[in-house]
Amino acid sequence: MKMMFVNLPVTDLDRAKEFYTAIGFTVNPNFTDHNAACVVVEENHSAFMLLVREYFQTFSERPIGDPSVNVSVATAIFLDSRELVDASVTAGLATGGTEAKEPSDYGFMYQRQLTDPDGNILEFGYMDPVAAEQGPEAYADQQA
């Protein structure tokens with residue numbers, strides 16, 4: 001089984017857990033303690049590891065950047081509908097997130113950018129199934 005974990009430094013673990021559960025993910029208590037929380041995005045596929053900054057620093061000799069100042073990564077999460085994208089972003093905004101950009105609507109793809117309370121960027125999106133499978137041109141042909 002292949003599984004992807006995205007490690008994110010956070011300043012307040014409880015606040016981060018509240019934010020990530022509000023946007024639709026679940027905390028795996030088996031891999032959660034006072035230093036870290038495993039937040040499952042998709043069961044047996046992908047998860048965030050929310051790590052308090054001091055603990056995160058133990059994984060590298062290099063200094064940890066401040067995502068609220070310098071962007072180094074944006075994690076894209078695609079959902080099954082535009083409505084789910086909007087609901088996730090709305091829930092994130094209600095729990096301390098911010099939205100610095102207007103939504104992007106390309107017809108075949110819809111995206112919204114949500115910044116968590118620590119400055120980490122999440123891009124929620126929806127892509128038309130035809131475009132996802134065959135490319136944007138196939139979606140355009142379907143619309144003609």
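Strands, a helix and salt bridges in a predicted model

Strand 1 (residues 4-10) pairs with strand 4 in the parallel sense, over seven bridges. Two strands count as paired if DSSP finds at least two bridges between them. Helices (H or I, at least four residues) and strands (E, at least two) are DSSP runs, numbered from the N terminus. The model is predicted: local features need pLDDT of at least 70, side-chain atom pairs count only at pLDDT 80 or more, and totals for chains, interfaces and linings use all residues. Residues are numbered from 1 along each chain as its sequence is written, and side-chain values use heavy atoms, with hydrogens and water left out.

Strands of a sheet pair through backbone hydrogen bonds, either parallel or antiparallel. Strand 3 (residues 36-42) runs antiparallel to strand 4 and is joined to it by six bridges. Here Val-40 is opposite Ala-47 of strand 4. The hairpin of strand 3 and strand 4 has three residues between the strands, and in it Asn-44 takes a positive phi near 60 degrees.

Strand 4 (residues 46-52) is mostly covered, with seven of its seven residues buried. Buried means under 20% relative accessible area, exposed means over 50%, and partly exposed lies in between (1.4 Å probe, protein chains only). Both faces of strand 4 are covered: Ser-46, Phe-48, Leu-50 and Val-52 are buried on one side, and Ala-47, Met-49 and Leu-51 on the other.

Strand 7 pairs with strand 8 (residues 121-127) in the antiparallel sense, over seven bridges. In strand 7 lies Gln-111, which is buried at a relative accessible area of 17%. Leaving out residues up to four places away in sequence, Gln-111 touches Phe-78, Pro-103, Ser-104, Tyr-106, Glu-123, Phe-124 and Gly-125, where contact means heavy atoms within 4.5 Å.

Side chains of opposite charge can pair when their charged atoms come close. A salt bridge is a side-chain nitrogen of Lys or Arg within 4 Å of a carboxyl oxygen of Asp or Glu. By this rule there are five salt bridges. One of them joins Arg-82 and Asp-105, at 3.0 Å from N to O. Arg-82 lies in helix 3 (residues 82-94) and Asp-105 in strand 6 (residues 104-105), so this pair ties together parts that are 23 residues apart in sequence.

Asp-86 forms a salt bridge with Arg-112, and their closest N and O atoms are 2.9 Å apart. This pair links distant parts of the chain, with Asp-86 in helix 3 and Arg-112 in strand 7 (residues 109-115), 26 residues apart. Is Arg-112 buried or exposed? Arg-112 is buried, with a relative accessible area of 12%, whereas Asp-86 is partly exposed at 27%. In strand 8, Phe-124 is the residue opposite Arg-112.
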